[in-house]
Amino acid sequence: MPVPLLLSLAFSASVSALPFLGRSSAPPSWRPAVRWANRSASDPPRIQRGFISVPIDYESREEGMVELGMVRLPAAGSARLGTLFYNPGGPGGVASEYILATTEASPNFGQAVLENYDVVGIDPRGVGMSQLVKCDPTLYNERVSSFPTTEEEFQILVAHNAALGKSCSDLTGPLFNHLDTTNLARDMELVRRALNDEEKLNFLGRSYGSQVGLTYAELFPESVNRMALDGILDHNQDETTTLNDEATAYEMTLNQFFAWCNTTINCTLHGQDAAGVYQSIIRKAEEQPIPAPGCIQTDYSACRPDVTGEEIRANIQSLLLFQNATAEFPGWDLLSEAISQAAKGNATLLSSALATSETFRAYAGLAIGCQDWLHESTSLADLRYKIDMASATAPQTLGSTQSYYYQSNCIGWPALASNPQRRLSPRIAETPPILLVNSLYDPSTSVVWATAIQRQVPNSVLLTRSGSGHTSYQLRGEAAAAIDAFLVDGILPQPATVVHS
């Protein structure tokens with residue numbers, strides 16, 4: 001597990017003298033410094049690890065500073081274009097890990113990008129090398145349904161959310177209330193200034209990283225150079241529309257998986273009724289949780305010893321993310337094996353991960369999401385309306401999505417939704433052109449979202465990949481080539497371009 005970093009107390013005495021980046025988004029005259037760490041024997045060649053202290057609260061001088069960690073991979077060539085900031089998604093994705101993996105020949109970036117850019121991965125506050133969100137693992141591991149059917153179940157859910165959130169607040173400290181994406185965008189601006197105030201920001205964001213990029217572009221349009229966003233998240237809609245768009249995207253991609261199984265021998269379910277097998281394990285698990293005998297707890301990892309139908313629907317969404325395996329994620333062949341094994345009574349591959357410490361990495365994603373997404377249901381009837389709506393439009397998955405997770409598991413959360421959904425600021429029109437990329441069948445970020453964002457960002461161009469899976473850059477196909485061409489040469493595809501890889 002990563003080691004948490006503590007607040008930088010050395011800066012507390014000078015906090016009152018700092019000009020902060022407030023809601024006005026005006027750039028500060030103060031420029032912090034990156035402290036580059038000495039290399040360790042285990043560090044890959046050329047890698048650089050750095051740390052920077054930034055304000056916990058950009059609106060106040062009282063909360064102190066938080067230390068963020070980052071990894072930089074210097075440009076391999078001599079014709080350096082600048083620094084490329086990278087966010088892999090999440091929320092809660094560890095950018096530093098992707099940069100470190102790149103040095104081990106994992107194809108996370110195109111060769112032209114690595115030749116021309118210093119690639120920097122900042123771990124957001126609460127994540128990775130930065131000060132971590134901490135929570136009580138026992139509370140996190142409680143099995144509480146996010147789909148209550150009775151008033152008692154609803155009250156149990158709300159009480160669980162409140163208790164878990166309080167534990168996170170108590171263990172994390174002041175940082176707990178300042179984790180939203182607006183804070184991350186401001187952190188990026190301070191890091192940009194610290195690295196080289198003369199260079200504008202170049203950015204590649206995947207999935208949640210698209211929200212990070214768009215937030216930065218709203219706040220600091222004059223500081224943007226080239227920005228490519230892959231797997232577009234629309235942070236501008238009401239709760240029910242957000243839920244419906246993601247639920248139907250998940251459902252459509254699941255149907256693509258069933259069709260793939262019917263035509264592909266790599267699918268373990270080939271020659272069977274894949275959709276029927278899926279429905280059968282859901283029914284079986286709802287009657288009695290299916291055992292997961294391979295879930296053996298260690299000091300570093302654990303998963304539930306059995307799996308409910310609700311958990312199967314939630315976990316299959318993540319196994320649908322990539323049709324073909326990537327360096328970091330499995331492909332649909334593993335999903336087909338997971339469903340096949342569950343049908344035979346072994347649901348190990350569909351089991352939910354359990355927390356084994358106060359620094360389990362899933363905490364940050366929940367804490368960030370609760371501050372970024374509205375969760376205004378106050379009664380069982382409110383929540384059941386959403387469930388019933390999603391069950392009608394997505395009858396196989398019933399709305400079990402990341403959007404619903406925030407709308408249900410953040411009810412009662414002690415931190416405010418400080419950065420809720422809203423229309424993009426008109427200032428985003430002041431940016432240079434932005435490249436948007438989305439697949440047609442993405443189980444997490446709907447192509448409907450990408451289209452909506454393209455309409456709101458006047459200088460954007462949307463490229464669509466006619467295929468399945470979440471994001472496209474890691475596939476190293478035509479979409480990735482278009483992203484590289486834009487980042488390196490500034491060449492944008494024609495509007496409404498469709499590619500097939």
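Me: Which residues do ring pairs link into a cluster?
Reply: This is a predicted model. In it, ring pairs join F257, F258, W260, Y278 and W332 into a cluster. The count of aromatic pairs comes to 16.

Me: Why is the pair of F257 and F258 called tilted?
Reply: Look at the ring centres and the planes. Planes under 30 degrees apart count as stacked and over 60 as edge-to-face; the rest are tilted. Here the centres of F257 and F258 lie 5.8 Å apart and the planes meet at 55°, so the pair is tilted. Both F257 and F258 are buried.

Me: Now helices. How are α5 and α6 packed?
Reply: Two packed helices are described by the angle between their axes and the distance between the axes. For α5 (residues 181–196) and α6 (residues 208–219), the angle is about 70° and the axes are 9 Å apart. The two helices are therefore roughly perpendicular to each other. Their crossing is right-handed.

Me: Which residues in α5 and α6 meet?
Reply: From α5 come T181, T182, L184, A185, R186, M188, E189 and R192. From α6 come Y208, Q211, V212, T215, Y216 and L219. By class, this contact has seven nonpolar, four polar and three charged residues.

Me: Take R192. Is it buried or exposed?
Reply: The cut-off for buried is under 20% relative accessible area. R192 has 6% relative accessibility, so R192 counts as buried. This residue sits in helix α5.

Me: What is R192 in contact with, leaving aside its neighbours within four places in sequence?
Reply: Beyond those neighbours, R192 contacts F85, D197, E199, K200, L201, Y216 and S223. As for T182, R192 is 10 residues from it in sequence and 15 Å from it in space, C-alpha to C-alpha.

Conventions: Residues numbered from 1 in each chain as written. Predicted model: local features only at pLDDT ≥ 70, side-chain atom pairs only at ≥ 80, totals over all residues. Heavy atoms only, no water. Axes fitted to C-alpha atoms, helices over the stretch in contact; angles between N-to-C directions. Helix = DSSP H or I, 4+ residues; strand = E, 2+ residues; numbered from the N terminus. Parallel < 35°, antiparallel > 145°, perpendicular 65-115°, else oblique. Left-handed = near helix turned anticlockwise from the far one by under 90°. Contact = heavy atoms within 4.5 Å. Nonpolar A, V, L, I, M, F, W, Y, C, P; charged D, E, K, R; others polar. Phe/Tyr/Trp six-rings, centres within 6.5 Å; stacked < 30°, edge-to-face > 60°. Buried < 20%, exposed > 50% of the residue type's maximum accessible area, 1.4 Å probe, protein only.
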